[in-house]
Amino acid sequence: MAKSRPTAEGQPYLSDLASSTSTLHDFSMKLELEIPDSALSALRQAPAEFAACLRLMAAAKLYETGHLSQERAAELAGQSRQDFVLQLSRLGVSPFQGVEEDLVSLSSLP
């Protein structure tokens, strides 16, 4: 496995977690989770609604931490890019990841 390159938050890149001989975009994956009925009841969500919520939250976090581009995160969430950006706002995640650092860098130029 390739040596991990830490992100700004010290987390390995997803591409580093995959086998060096495989690519992440060659396939889709179905993930099965056991969720207690009590959790679904507490959230007052149907299983399909909860699954969509998990996809959105995972996509937003992966975008926020720099693991996915906005386009790929929207794809993971199963939404258009425009709808995903609106959901980011609802979740308190800036749709402008990395822009703040770029502006600080530019302001220090002569």
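Leu31, Leu33, Ile35 and Leu54 make a nonpolar patch of about 360 Å². For such a patch I took residues with over 30% relative accessible area and no salt bridge, with nonpolar side chains (Val, Leu, Ile, Met, Phe, Trp, Tyr) joined within 5 Å. A salt bridge here is a side-chain nitrogen of Lys or Arg within 4 Å of a carboxyl oxygen of Asp or Glu. Areas are Shrake-Rupley values with a 1.4 Å probe, and for residues only the protein chains shown count as cover.

Notes on the source. This is a predicted model, where local features need pLDDT of at least 70 and side-chain atom pairs count only at pLDDT 80 or more, while totals for chains, interfaces and linings use all residues. Residues are numbered from 1 along each chain as its sequence is written, and side-chain values use heavy atoms, with hydrogens and water left out.

I looked up Ile35 next. Isoleucine 35 sits in the loop between helix 1 (14–17) and helix 2 (37–43). Its relative accessible area is 32%, so isoleucine 35 is partly exposed (buried is under 20%, exposed over 50%, partly exposed in between; 1.4 Å probe, protein chains only).

Then the whole chain. I found six helices and zero strands (DSSP runs numbered from the N terminus: helices are H or I with at least four residues, strands E with at least two). Of the 110 residues, 17% count as buried. The accessible surface is about 8,600 Å², and carbon and sulfur atoms hold 57% of that.

Where is the largest nonpolar core? I traced 10 residues: Leu56, Ala59, Ala60, Tyr63, Ala73, Ala74, Ala77, Phe84, Leu88 and Val93. Helix 3 gives the largest share, four residues. A core here means buried Ala, Val, Leu, Ile, Met, Phe, Trp, Tyr and Cys residues joined through side-chain atoms within 4.5 Å.

I checked one core member. Beyond its neighbours within four places in sequence, leucine 88 is in contact (heavy atoms within 4.5 Å) with Ala60, Tyr63, Gln70, Val93 and Pro95.

Threonine 65 lies between helix 3 and helix 4. Threonine 65 is buried, because its relative accessible area is 15%. A polar atom of its side chain is 2.9 Å from the backbone oxygen of lysine 61.

Arginine 44 is in the loop between helix 2 and helix 3. Its phi is positive, about 55°, although arginine 44 is not a glycine. Most residues other than glycine have a negative phi. Arginine 44 counts as exposed, at 76% relative accessibility.

Definitions and conventions
Patches are made of residues with over 30% relative accessible area and no salt bridge: like charges are joined within 9 Å, nonpolar side chains (Val, Leu, Ile, Met, Phe, Trp, Tyr) within 5 Å. A polar contact is a pair of N or O atoms within 3.5 Å; within protein, one must be able to donate a hydrogen and the other to accept it, and residues adjacent in sequence count only if both atoms are side-chain atoms.
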